[in-house]
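Thanks for coming, everyone. I would like to take a few minutes on some loop residues, so please look at the sequence and the structure as I bring them up.

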Amino acid sequence: MTPTKPAASAPAAGPQTDGQAPDAGFAEYLASPEGPQFLNPDAARSPGPEVPVRTVSAEGRHGPVGVRIYGEPARPDSPALVWLHGGGFVSGSVDSPESDYLARFLADRGTPVLSVDYRLARNGVSFPIPHDDALAGWFWARNNAETLGLDPALLCLGGAGAGGNLAVGATLYLIDAGKPLPAKLLLAYPFLDAELPPPAGGLDDEVMARLPRHLRFTLEDCIRTAENYAGGPVSMAPSYAMPGYADPAGLPPTALLACEYDDARGSTEQFATALERVGVPVSYFLAEGAVHGHLNHTAGLPEGQAALDFLARELAGVRRA
């Protein structure tokens, strides 16, 4: 694995976190479906490109699932991306910057995006409902690809944070069910397990200590997020719910975006190593100076361009086997 790394500076230091409750991060996600506040919320952001957008409904096991479609195929052999937003399974939506802005950016470059509005793990909802919704979105895209002018063999699947978990969990199901797989997985700081292995080279303790609590994704956050999604102890969660513990053999080529100042970066690195060990081609990009939720924080800002360009390149390189 040879990381691609852009030049970038560390995020601006925020207030000290001393005295804050250890569960403040996950609690802030629970407080609002929109999720916690962003880094540099007052920054002047450029709007996403104007592209054709429409919404359809996919039938799922738990009722209809909204799928927002961005753009049109640029050519008959255009790849397309089925995308799942992040938010710890309890916040975020297809309107989140890491979903809407990313989809507009990619669609403007000729790659249609189908963003799945899965149910959040709130008010009694837990696994397998979001997992099943993700599969409903994928199967709708696969079954309707030709009507949309897309090649079903070039459909890719991906997501950010919790959406990355759903993308990998759905692909593991497709492997077990003997169904066609995505041409490629694209995962941004995916939440794959409830453990935090140390990242290569460690983390800058001084920078991490000065980040506002809502920009951290600590071990406490991981455990609470996993237990809430799984609906019980992590030890009882199936591999579709916590795919970082599954055998990755058979997964398609995977592009991974990691963040330098992310408590969970080691988990992404560990997954990349596991993929390489079983022979799955891996592309790895480290966003220097970035915190967890990078695509949300930097959508429409120059700081996020390198990460978006990485994902666009990975999609542009998708070809029929």
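Aspartate 263 sits in the loop between strand S7 (254–261) and helix H7 (265–277), where helices (H or I, at least four residues) and strands (E, at least two) are DSSP runs, numbered from the N terminus. This is a predicted model, in which local features need pLDDT of at least 70 and side-chain atom pairs count only at pLDDT 80 or more, while totals for chains, interfaces and linings use all residues. Residues are numbered from 1 along each chain as its sequence is written, and side-chain values use heavy atoms, with hydrogens and water left out.

Is aspartate 263 buried or exposed? Its relative accessible area is 11%, so it counts as buried; the term means under 20% relative accessible area, with exposed being over 50% and partly exposed in between (1.4 Å probe, protein chains only).

What does the side chain of aspartate 263 reach? It comes to 3.1 Å from the backbone nitrogen of phenylalanine 217, and a polar contact of 2.7 Å joins it to the side chain of arginine 216. A polar contact here is a pair of N or O atoms within 3.5 Å; within protein, one must be able to donate a hydrogen and the other to accept it, and residues adjacent in sequence count only if both atoms are side-chain atoms. With neighbours within four places in sequence left aside, the residues in contact with aspartate 263 (heavy atoms within 4.5 Å) include Leu196, Leu203 and Thr218.

Asparagine 40, in the loop between helix H1 (24–31) and strand S1 (53–60), has a positive phi of about 50° although it is not a glycine, and at 40% relative accessibility asparagine 40 is partly exposed. Phenylalanine 89 also has a positive phi without being a glycine, in its case about 70°, but phenylalanine 89 is buried, at 0%. Finally, the peptide bond from phenylalanine 127 to proline 128 is cis, with omega near 15°, and proline 128 lies in the loop between strand S4 (113–117) and helix H3 (129–144).
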